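Here is a friendly briefing to read alongside the sequence and the 3D view. Please have a look at the structure before you go on to the points below.

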Amino acid sequence: MDFINAKRKQDNYPSTVISLVNQKGGVGKTTSSINLTSALANKGYKVLLLDFDPQGNASSGVGVDRSMCENTIYEAILDSHIDTKDCIYETEFENIWVCPSNIDLVAAETELGQEDKPAFFLKQAIKDIKDYFDYIIVDCPPSLGQLTVNALVASDCVIIPVQCEFFALEGLSKITKTINIVSKGYNKNLVVLGVLFTMYEGRRNLTKQITEQVNQYFKEKVFKTKIPRSVKFAEAPSHGVPIDKYSTWGKGIHSYEDLAKEVVKRNNKRLRSI
């Protein structure tokens, strides 16, 4: 398989699994998963985009036709006869591979709940493929159910995308509570790598208020990079490409490159401390 033969950039460091989590929909989670993956790949890192949302938008956002995929992440976690390697597909973009999802993943919430140790299925599924990649980026569903818990158990780090709106802080408290529960009971090494402001409009008074409150609570955990609101971020997925392959100009086009620099810097610091 191509991803097995491709050389990792950071053989001296273990692979890092990063989940993008927010139980609210429409906060730029999938957009950030796709474009962070692409920005890391542009830096030479070997990246797997793991689509863990039944909507499958991360898969189609990098040009993968889900209807043509024989196996998906659903089979990887719940079909013992399917090897996870057979659920990974090459994209047309250098250094980017995808483990796609589809609507079948909706049933996984119920099926996992009927299993022993339901929180560990994703961790088990990626165990044998994890070290072939520098980064595995997990696009989580907009909920805090079994799928998201599985993603947190399997992850090293969490990125929390946040839109500056009235209920943002309420949502953040629920996410951090879930992360704390998982880190205490299932994954003691799990850390919040950062909080990411998305669809950012700095001139709005509400944006300034929410930004100040989030900074007070999360302090240095807040990424310096802010992803602005831009129509191009909405257009790119319809063409099946990340933003850097869609346009070279426009508001915020290079913001995910800046985010990738921060992610690498913070993650390398984390790895050195292990």
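A salt bridge here is a side-chain nitrogen of Lys or Arg within 4 Å of a carboxyl oxygen of Asp or Glu. Keep in mind that this is a predicted model, in which local features need pLDDT of at least 70 and side-chain atom pairs count only at pLDDT 80 or more, while totals for chains, interfaces and linings use all residues. Residues are numbered from 1 along each chain as its sequence is written, and side-chain values use heavy atoms, with hydrogens and water left out.

**Salt bridges**

- The structure holds 9 salt bridges, and one of them joins K29 to D53, with 3.9 Å between the closest N and O atoms.
- K29 lies in helix α2 (residues 29–42) and D53 in the loop between β2 and α3 (57–60), so this pair ties together parts that are 24 residues apart in sequence. Helices (H or I, at least four residues) and strands (E, at least two) are DSSP runs, numbered from the N terminus.
- Are K29 and D53 buried or exposed? Buried means under 20% relative accessible area, exposed over 50%, and partly exposed in between (1.4 Å probe, protein chains only). K29 counts as buried at 6% relative accessibility, and D53 counts as buried at 4%.
- K29, D53 and D139 are linked in a network of salt bridges.
- Another salt bridge brings together the side chains of R229 and E201, at 3.4 Å from N to O. This pair links distant parts of the chain, 28 residues apart: R229 is in the loop between β8 (222–228) and α10 (231–235), and E201 is in the loop between β7 (191–200) and α9 (205–218).
- R229 is partly exposed, with a relative accessible area of 37%, and E201 is partly exposed with 28%.
- R266 and E262 also meet in a salt bridge (3.6 Å, N to O). They are 4 residues apart in helix α12, so about one helical turn separates them. Both R266 and E262 are buried.

- Why is strand β1 (residues 16–20) described as largely enclosed by the rest of the structure? The reason is that 5 of its 5 residues are buried.
- In a regular strand the side chains alternate between the two faces of the sheet. In β1, T16, I18 and L20 point one way and V17 and S19 the other way.
- Two strands pair if DSSP finds at least two bridges between them. β1 runs parallel to strand β5 (residues 135–139), joined by 5 bridges, and V17 stands opposite I136 in β5.
- β1 also pairs in the parallel sense with strand β6 (residues 157–163), over 3 bridges. Here S19 stands opposite V158.

**Strand β4 and its partners**

- Strand β4 (residues 96–99) is covered on both faces, with I96 and V98 buried on one side and W97 and C99 buried on the other.
- Strand β2 (residues 47–51) pairs with β4 in the parallel sense over 4 bridges, and the bridge partner of V47 is I96.
- Strand β3 (residues 89–90) pairs with β4 in the antiparallel sense over 2 bridges, with Y89 opposite V98.
- β3 and β4 form a hairpin with 5 residues between them, and N95 in the turn has a positive phi of about 75 degrees.

**An exposed lysine**

- K269 is in helix α12, and K269 counts as exposed at 61% relative accessibility.
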